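Hi,

Here is the model for you to open. Please have a look, then read my notes below.

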Amino acid sequence: MKLPILAFCTVLFLASCSSTKNNNTNLPKDIAERPADENSQKYDAAQLDKLKAAIETEIAKEKCSDANEWTFAPMGAKACGGPQLYIAYPKKNEAAILPKINDYTEKVKAFNEKYKVMSDCMVVTPPASIKCVNGKAELVNS
């Protein structure tokens with residue numbers, strides 16, 4: 001009597017172990033492979049970072065040898081008003097760069113409103129001038 005029960009339990013145990021395999025290959029194996037949630041604050045912040053990096057990369061392509069050929073603009077937006085920073089760019093590329101800076105600023109404003117972002121509300125004053133240091137434009141504060 002014990003032998004048939006033991007055999008039955010062994011078969012049941014082996015059958016249950018094999019049924020727990022998950023053969024769904026559509027699921028990511030690692031959380032890092034999970035698709036980005038396009039409606040999350042983290043995703044939106046990453047998109048803003050990419051846009052800012054693209055602007056900075058485009059500006060960095062130009063060497064600064066004469067500060068008079070450069071100007072600056074406010075960039076980004078603090079939650080309580082005013083720019084996050086000022087950025088220097090070559091005047092000859094103003095038609096290409098300034099719309100990107102303004103687009104970034106508008107997207108930061110929308111981000112701040114969407115996620116009710118708080119900021120330090122400190123006023124970022126415009127720079128007094130620009131100087132060229134090792135081929136890069138630097139903003140000079142008063």
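A disulfide here is a pair of cysteine sulfur atoms within 2.5 Å. This is a predicted model, where local features need pLDDT of at least 70 and side-chain atom pairs count only at pLDDT 80 or more, while totals for chains, interfaces and linings use all residues. Residues are numbered from 1 along each chain as its sequence is written, and side-chain values use heavy atoms, with hydrogens and water left out.

Two more terms come up below. Helices (H or I, at least four residues) and strands (E, at least two) are DSSP runs, numbered from the N terminus. Buried means under 20% relative accessible area, exposed means over 50%, and partly exposed is in between (1.4 Å probe, protein chains only).

**Disulfides**

The structure has two disulfides. Counting bonded cysteines along the chain, their pattern is 1-4, 2-3.

C64 counts as buried because its relative accessibility is 4%. C132 has a relative accessible area of 26%, so this cysteine is partly exposed.

The other bond joins C80 to C121, at 2.0 Å from S to S. C80 lies in the loop between β1 and β2 (85-90), and C121 in the loop between α3 (94-114) and β3, so the bond ties together parts 41 residues apart in sequence. C80 is partly exposed, because its relative accessible area is 41%. C121 is partly exposed too, at 45%.

**Backbone**

Which residues other than glycine have a positive phi? K116 is one, with phi near 50°. K116 lies in the loop between α3 and β3. Its relative accessible area is 67%, so K116 is exposed.

N134 is not a glycine either, yet its phi is positive, at about 50°. N134 is placed in the loop between β3 and β4 (136-140). At a relative accessible area of 78%, N134 is exposed.

Best wishes
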